[in-house]
Amino acid sequence: MLLHDTSLVFGRYLRQTLRSRFQILFGILMPLLHLLFFGPLLTGLPLGSAGDSWQVLVPGLLLQLSLFGASFAGFSIIIEKSTGVVERMRVTPVSRLALLLGRVLRDALLFVFQAVLLVLAALAMGLRAPLPGVLIGFAFVGLLALSLASLSYALAMRVRTPQEFGPVINALTMPAMLLSGLMLPMTLGPAWLDVLSHFTPLRYLVDAVRDAYVGSYATAHMLYGFLVALGFAVLAVTVGTRVFRRAGA
């Protein structure tokens, strides 16, 4: 029944997404602008990391896509609460876990698709990376999207208005972006900043994807990145499910 219920919820939100080309295409606008206007500035610079500038920048942009896109996914729940959709779902026998999984799986699929478009644009600009490394990057994008979307929906269930939701998300995502080394490796900064960045889970995912993009798979970065991504996903889905159950949604 869980699989059946999840597929029903997933199908509902996937159809909504497919009807909104604006959401699909404009979701990659910010990473694409960084790719077009910031990427060329890094060409030939010593970035203190294996691989060329594109193999450093593109993994960060892929995870940036999930970071900002999935973190703001909760806005849709706030709208559904105000229009009574959540109340109508509450009286159905659909599993509460399915109500969360259907949404976050749609989000993960959306951001992986956008990541594919971003990588295709990067290839046209000069990115060269092994296919297994690119696929590993997509897997990390999906896991991060699933995790952050779960937490975003959980927060959205606890607040009443977008005015309460937006500032909290901004306060969490901006430090995560600055401390994770999305744009440039944190090893370029002072030692204290590099140490501080290790308290940000996203840092381990960025390092893992950058290793994958240069063909290094059996590394400590890859191991730590996988463990952090998987543990974060389990924790986020657990928290999201508890909130959905307690909220009766």
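## Helix packing and salt bridges in a predicted model

Asp107 has a relative accessible area of 3% and is therefore buried, a value that, like every other one here, was computed from a predicted model. The partner of Asp107 in a salt bridge is Arg106, and the closest N and O atoms of the two are 2.9 Å apart. Arg106 has a relative accessibility of 7%, and because the cut-off for buried is under 20%, Arg106 counts as buried too.

### Salt bridges

| Salt bridge | Closest N and O atoms |
|---|---|
| Arg103 with Glu80 | 2.8 Å |
| Arg106 with Asp107 | 2.9 Å |
| Arg203 with Asp207 | 2.8 Å |

The salt bridge of Arg103 with Glu80, with its closest N and O atoms 2.8 Å apart, links distant parts of the chain, since Arg103 lies in helix H7 and Glu80 in helix H5 (residues 75-83), 23 residues apart. Both ends of this pair, Arg103 and Glu80, are buried.

### How the helices pack

Two packed helices are described by the angle between their axes and by the distance between those axes.

On the H1 side the contact is made by Leu2, Asp5, Thr6, Val9, Phe10, Tyr13, Leu14 and Thr17, while H7 contributes Leu97, Ala98, Leu99, Leu101, Gly102, Arg103, Leu105, Arg106, Leu109 and Leu110. Sorted by class, the residues of this contact between H1 and H7 are 12 nonpolar, 3 polar and 3 charged. Arg103 and Arg106 are among the residues that H7 brings to this contact, and each of them also takes part in a salt bridge, Arg103 with Glu80 and Arg106 with Asp107.

Helix H3 (residues 29-37) and helix H4 (residues 53-71) have axes that come within 9 Å and cross at roughly 165°, which means that H3 is roughly antiparallel to H4. H3 passes H4 in a crossing that is right-handed. Met30, Pro31, His34 and Leu35 of H3 meet Trp54, Leu57, Val58, Leu61, Gln64, Leu65 and Phe68 of H4, and by class this contact of H3 with H4 has 9 nonpolar and 2 polar residues, with no charged ones.

Helix H8 (residues 131-158) and helix H9 (residues 162-180) pack at an angle of about 145°, with 9 Å between their axes. The crossing in which H8 passes H9 is right-handed. From H8 the residues in contact are Ser152, Leu155 and Ala156, and from H9 they are Phe165, Val168 and Ile169. These residues of the contact of H8 with H9 divide into 5 nonpolar and 1 polar, with no charged residue.

Is Ser150 buried or exposed? Ser150, which lies in helix H8, has a relative accessible area of 0% and is therefore buried. Leaving aside neighbours within four places in sequence, Ser150 is in contact with Leu100, Val104, Ala236, Val237 and Gly240.

Met186 is found in the loop between H9 and helix H10 (191-197), and its relative accessible area of 8% means that Met186 is buried. If residues up to four places away in sequence are not counted, Met186 touches Leu178, Leu179, Ser180, Gly181, Leu193, Asp194, Ser197 and Arg203, and Arg203 is the residue that forms a salt bridge with Asp207. Met186 and Ser49 are 137 residues apart along the chain, and their C-alpha atoms are separated by 9.9 Å.

Gly231, in helix H12 (residues 220-247), has a relative accessibility of 37% and therefore counts as partly exposed. Between Gly231 and Arg246, which are 15 residues apart in sequence, the C-alpha to C-alpha distance in space is 23 Å.

Definitions and conventions
Residues numbered from 1 in each chain as written. Predicted model: local features only at pLDDT ≥ 70, side-chain atom pairs only at ≥ 80, totals over all residues. Heavy atoms only, no water. Contact = heavy atoms within 4.5 Å. Helix = DSSP H or I, 4+ residues; strand = E, 2+ residues; numbered from the N terminus. Nonpolar A, V, L, I, M, F, W, Y, C, P; charged D, E, K, R; others polar. Salt bridge = Lys/Arg side-chain N within 4 Å of Asp/Glu carboxyl O. Buried < 20%, exposed > 50% of the residue type's maximum accessible area, 1.4 Å probe, protein only. Axes fitted to C-alpha atoms, helices over the stretch in contact; angles between N-to-C directions. Left-handed = near helix turned anticlockwise from the far one by under 90°. Parallel < 35°, antiparallel > 145°, perpendicular 65-115°, else oblique.
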